[in-house]
Amino acid sequence: MMARLCFSMASALVFSFFSSSLAAHAGHDHDADVAKLEVTNAQVRTFLPASNSSVGYLTIINHSGTPATLTKATLDGLGRVEIHKHSHVNGMMKMQQVKLVTIKAHESVSFQPGGYHLMVFDPKEPLKVGQERKLTLYFNDGNRLFTNAQVVSLEAQAAPTKPSKHHAHH
């Protein structure tokens with residue numbers, strides 16, 4: 001009798017949980033409030049001898065009608081990743097850390113020499129040409145985008161890039 005009562009109560013709780021979850025999601029369209037993002041040509045350069053920093057480049061494409069705001073990036077095997085931007089100030093090139101990058105609806109932002117780029121620091125192990133490292137991009141709406149960044153040499157990074165695999169936002 002006690003087992004049957006416990007089973008009945010557990011069933012009621014489970015049903016109640018799923019019913020409230022479904023009710024909370026009723027009429028909610030995930031596609032309407034989530035930007036559809038894509039990353040292309042993600043790469044990070046190997047560290048030069050005696051250097052504790054390097055650089056990463058990529059392009060973020062926003063296919064939706066909703067702006068997306070990048071607030072943070074991480075790269076497996078590295079202690080720290082910062083978002084930076086080059087700008088011209090009083091006729092001089094200046095690099096500074098930025099806290100966010102907004103990708104407007106139906107537009108893209110390229111992280112490239114002379115503009116936005118990722119500064120990467122403190123490798124936990126050496127980056128080797130040909131490796132792929134998991135890159136995670138964090139957005140102010142709580143969403144994350146995962147892709148792989150190709151590890152390249154300074155020479156390869158200076159050469160024109162070949163098209164890479166596209167990775168979409170989830």
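## Glutamine 43

Glutamine 43 sits in strand β1. Helices (H or I, at least four residues) and strands (E, at least two) are DSSP runs, numbered from the N terminus. With a relative accessible area of 12%, glutamine 43 is buried. Buried means under 20% relative accessible area, exposed over 50%, and partly exposed in between, with a 1.4 Å probe and protein chains only. The C-alpha atoms of glutamine 43 and leucine 118 are 9.8 Å apart, across 75 residues of sequence.

## Basis of the model

This is a predicted model, in which local features need pLDDT of at least 70, side-chain atom pairs count only at pLDDT 80 or more, and totals for chains, interfaces and linings use all residues. Residues are numbered from 1 along each chain as its sequence is written, and side-chain values use heavy atoms, with hydrogens and water left out.

## Overall layout

The protein chain has three helices and 11 strands. From the N terminus on, the order is α-α-β-β-β-β-β-β-β-β-β-β-α-β. The protein chain has 170 residues, and 34% of them count as buried. Take the contacts (heavy atoms within 4.5 Å) in the protein chain with a separation of 6 or more: residues 24 or more positions apart account for 68% of them.

## Strand pairing around β4

Two strands pair if DSSP finds at least two bridges between them. Strand β4 (residues 78-89) pairs with strand β8 (residues 116-123) in the antiparallel sense, over seven bridges. Isoleucine 83 has leucine 118 of β8 as its bridge partner.

β4 also pairs with strand β5 (residues 92-97), again antiparallel, over six bridges. Here histidine 86 is bridged to methionine 95 in β5. The hairpin of β4 and β5 has two residues between the strands, and asparagine 90 takes a positive phi near 50° in this hairpin.

## Strand pairing around β3

Strand β3 (residues 68-75) and strand β6 (residues 101-103) are antiparallel partners, with three bridges. Alanine 68 stands opposite isoleucine 103 in β6. Five bridges join β3 to strand β9 (residues 132-139), and these two strands run antiparallel. In β9, threonine 136 is the bridge partner of threonine 74.

## Cavities

On a 1 Å grid over the protein atoms alone, a cavity is a set of points where a 1.4 Å probe fits but cannot get out; lining residues have an atom within 4 Å of a point. Grid points are joined across faces, edges and corners, and a volume is the space filled by probe spheres set on the points. The structure holds two cavities of 30 Å³ or more. The largest cavity contains about 40 Å³ of space.

The lining of the largest cavity is Ala42, Gln43, Val44, Gly56, Tyr57, Leu58, Leu75, Leu118, Val120, Leu135 and Ala149. At least two lining residues come from each of β1 (37-45), β2 (53-62) and β8. By class, nine are nonpolar, two are polar and none is charged. Ala, Val, Leu, Ile, Met, Phe, Trp, Tyr, Cys and Pro count as nonpolar, Asp, Glu, Lys and Arg as charged, and the others, Gly among them, as polar.

## Nonpolar core

A nonpolar core is a set of buried Ala, Val, Leu, Ile, Met, Phe, Trp, Tyr and Cys residues joined through side-chain atoms within 4.5 Å. The largest has 28 residues, and Leu58, Ile60, Leu70, Phe111, Leu135 and Leu137 touch the most other members. Not counting residues up to four places away in sequence, leucine 137 touches Val39, Leu58, Ile60, Leu70, Lys72, Ala73, Asn143, Arg144 and Leu145.

## Positive phi and a strand proline

Asparagine 41 is not a glycine, yet has a positive phi of about 50°. Asparagine 41 lies in strand β1. Asparagine 41 counts as partly exposed because its relative accessibility is 23%. Histidine 106, also not a glycine, has a positive phi of about 60°. Histidine 106 is in the loop between β6 and β7 (108-111). Its relative accessible area is 59%, so histidine 106 is exposed.

Proline 123 lies in strand β8. At 35% relative accessibility, proline 123 counts as partly exposed. Leaving aside neighbours within four places in sequence, proline 123 is in contact with Phe47, Gly77 and Leu78. Leucine 78 is 45 residues from proline 123 in sequence, with 4.4 Å from C-alpha to C-alpha.

Terms used. 1 Å grid on protein atoms, 1.4 Å probe; cavity = no way out; pocket = protein on both sides within 12 Å on 5 of 7 lines; lining within 4 Å.
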